[in-house]
Amino acid sequence: MTTVGNIIAAVAILFLVAAGLAIIFGVLRIVNFAHGDFVMAGALMSAIGGEQGLPFVLTVVLAAGVGAALACALVLLGITGKRIDAITGLLVTWAFGTVIRDGVAALFGAHGRFVATPVDGRVEAFGGAIPTYVLVLGVVAVVIAVGLYWLFSRTLVGKRMRASVDDRQMAEGVGLRTGRIAIAALALGGALAGLAGALLSPMVSVDPFMGFSYIVRAFLTIVLGGLGSIAGAGVGAVGLGSAETLLTTITSSIAAQLVVFGGVALVLVLRSRLAGRPS
Amino acid sequence: MIVAAGIAVLPFLLPSYYTAFLANVIVLGLFALSLYVSWSLAGVLSFCQAVFFGVGAYSAAYASVKYEGLAAELLYPVLGLALACALAALIAFVASAGRLQELMFAIVTLVVAVLAQIVLTAGGDATGGSQGFFGIPALQLPGINSAASAVWFGGAIAIVLVLLVRWLVRSRFGLAFSAVRDNELRARACGYRAGFVKGLAFVLGAAVACLAGYLYARQNGYASPDLAGFALSANVIIYLVLGGRYSIWGAFIGALLVEGFRLELAGTAPEIASLITAAVFIPIVVLFPGGAAGMLDGLRRRLAGAPLLRKRVRALGRKAA
C-alpha cells in the first residue's frame, strides 16, 4: 500500500471509532472505555461471519448491530443513571470492556483470525496503486460523515440529541426524554464502533485484544478535536491519522507513536491554556 | 500491632510458596497505597501509576544487574526515586498548566502509561528491550530464606508507610488534600493552590509506587516493560476499588483478595479470573464505592450504631482544622 492509501485507511477507521466515542461522550458525559472492545466485537463478527460463508456486507450490518447491542447493554449496568459521574463511568465501561475481551477470548479463543478482502484489485491514484478496498472504505467513511451531519442537523432525533448535549437539564425541562436519547446515542455510537471493526477486519489480524490500540487513538482524536463534537472527531482523525501514518513511513512506528501521542498531550495543554477557561 | 505481629510470625507458619505469595501481596498492596494517596486523598485518579512502579523496578535492575557494587546498590534506587518524582511532577505541572479536569487527567495518564511501555520495549540496551532484566538478586537477611526476608522487608516498609500516610491524612496537608478533592472550586476560593496540592499528592503517590516497584523487582527477580504498562496500572485501580478506596487498609485487602483469587485460578483458567474480577468490579464501583473495607466497616459500625467510615474521614479532617 502506498502512503496515501495508508492514510486514507487510518483516517477513515479512526473517524468512525472516534465519532461513536464523541456521540456517546456528548450525550452521556462519559468516556466509553469499552469502545475499543466494541470495535473488536465488530471485527470478530465479520471474521466469524466470513468463516460461516456470509457475504461481507451482511457481516458489516450484523457487526453494527453487535456494537449497538453491546453499547445498549451498558444501560443495564446503570450507565445512564444519575449516580454515575465521569470517573465512575470511565471505570465501569473499562471493566465492561474487560469482560467483553476476556469473555470473547474464553468463548472464541485468543488466536488471530483473518478476513478475506471483499474487494480485490488496485486503483492507480495519487501517484501510486491504492487497494480498491481502501478507496471503498474512504467513500464509506465520507458517506457516514455526511449521514451523521444530516442526522444531527436535519432530523428531529438528531436535534433532540444535540439539545441533550448542550444542556441536559434544559432539554428535560422542555419535555425531552433524555433517558431515551441517551440510549439512542449509545446505540448509534456502538453501531459506529461495530461498523468500524467490521470494515477494519480485512486489513488486520482480528484477536480479542486488538481494541486497546484503537481506544487510545480514539481518545486522543476526540481530545484533539474537542470533546463531544463529531466535526471535531473528523478533524482530529484527519490530523492524528495522517500524522501518525506519515511519521511511521518516514521513521518508525515507535517514533511515530511517541511524537504523536506526546504531541496531542501538548496540544491539549496548550489549547486549554490559550482558551483561558477557568477550571 | 496485630498486623505487625502477623507479618512477623506468618513466614514461620506458612509454607514457603504462600510466604512468597504474601510478600507479593504486601508489595502490591503498597503499590495500591500509592493510588490511595493520590486518588482517595486528593481525588487524582491516574492510569499511569505503574510507570512509577516500573521506574522503581528498573532502578533495582540497574542497581544489581546492569551495574554492580555497593555504590550502584545505593545510588540507583535513589536516582529511580528522584526520576519517578520528577516524572510525576512534570505530569502534574503539565496537567495543572493545562487545567485538566479529573477525566482528562485520567486520559492523559493513560497515554503516559502506553508511552512508557513503548519506550521501555524500544529502549535497547538501556532498558533490556522487551525482555527487560532478569536475575535481580533478592534482598536477603542473613540466615533467613528470601521469601521470609521479603515479607519482613515489605511488611516493615508497608507499616511505616501506612503510619506515615495516616499521619498525612490528619496533618494540614491531608486537610488541603480533602478540601481540593471534595470541592476544588471552594478550596481555590479559600486560597489553596489546587494544582499544587493535587500535584503534591500525585508526586507522593509516585514515590510510594516507585518504592513498591523496587521491592517487587527485588523479590521477583525481574524488571520488564509489563511492569510499567497500562494493564498493571489498571490492576491497581481494581485492588483499591475492590478493597475499598476510602480506607487505608483497602489497598492491602484488595491486593489480597484479587491476587488470592488469581492464585486459586492460575492453574486452571487465568482468563476466567480476569473476567470474574472485572465483572465483580462493576457492581462494586457503582453500588458499593467503599469496597470490601467499606462493607466491613459499615457492618461493624451499623452494629455499634456509629457513623460510616466515609463520614468519619471527613469528620477527622474537620477535627484537624
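## The interface between chains A and B

In this predicted model, 39 residues of chain A are in contact (heavy atoms within 4.5 Å) with 39 residues of chain B. The two chains bury about 3500 Å² between them, 83% of it on carbon and sulfur atoms; buried area is the accessible area (1.4 Å probe) that two parts lose on being put together, summed over both. Between chain A and chain B the count of salt bridges is zero, a salt bridge being a side-chain nitrogen of Lys or Arg within 4 Å of a carboxyl oxygen of Asp or Glu.

On the side of chain A that touches chain B, the elements giving two or more residues are α4 (86-108), α9 (211-225) and α11 (253-275) of chain A. Helices (H or I, at least four residues) and strands (E, at least two) are DSSP runs, numbered from the N terminus. With 14 residues, α4(A) gives the most to this side.

## A nonpolar surface patch

A:Ile254, A:Leu258, A:Val259 and B:Val119 make a nonpolar surface patch of about 290 Å². Patches consist of residues with over 30% relative accessible area and no salt bridge, with like charges joined within 9 Å and nonpolar side chains (Val, Leu, Ile, Met, Phe, Trp, Tyr) within 5 Å. Accessible areas come from the Shrake-Rupley method with a 1.4 Å probe, and for residues only the protein chains shown count as cover. Helix α11(A) provides the largest share of the patch, three residues, and A:Leu258 is placed in this helix.

## Salt bridges and a local neighbourhood

Over all chains, the whole structure holds eight salt bridges. In one of them, the side chains of A:Arg113 and A:Glu51 meet at 3.1 Å, N to O. A:Arg113 lies in the loop between α4 and β1 (122-125) of chain A and A:Glu51 in helix α2 (residues 35-51) of chain A, so the pair ties together parts that are 62 residues apart in sequence.

In chain B, B:Tyr76 is located in helix α4 (residues 70-97). Not counting residues up to four places away in sequence, B:Tyr76 touches B:Ser59, B:Tyr62, B:Ala63 and B:Tyr67. The C-alpha atoms of B:Tyr76 and B:Ala60 are separated by 7.2 Å, while the two residues are 16 residues apart along the chain.

## Basis of the values

Residues are numbered from 1 along each chain as its sequence is written, and chains are lettered from A and ligands numbered from 1 in the order in which they are written. Local features need pLDDT of at least 70, side-chain atom pairs count only at pLDDT 80 or more, and totals for chains, interfaces and linings use all residues, while side-chain values use heavy atoms, with hydrogens and water left out.
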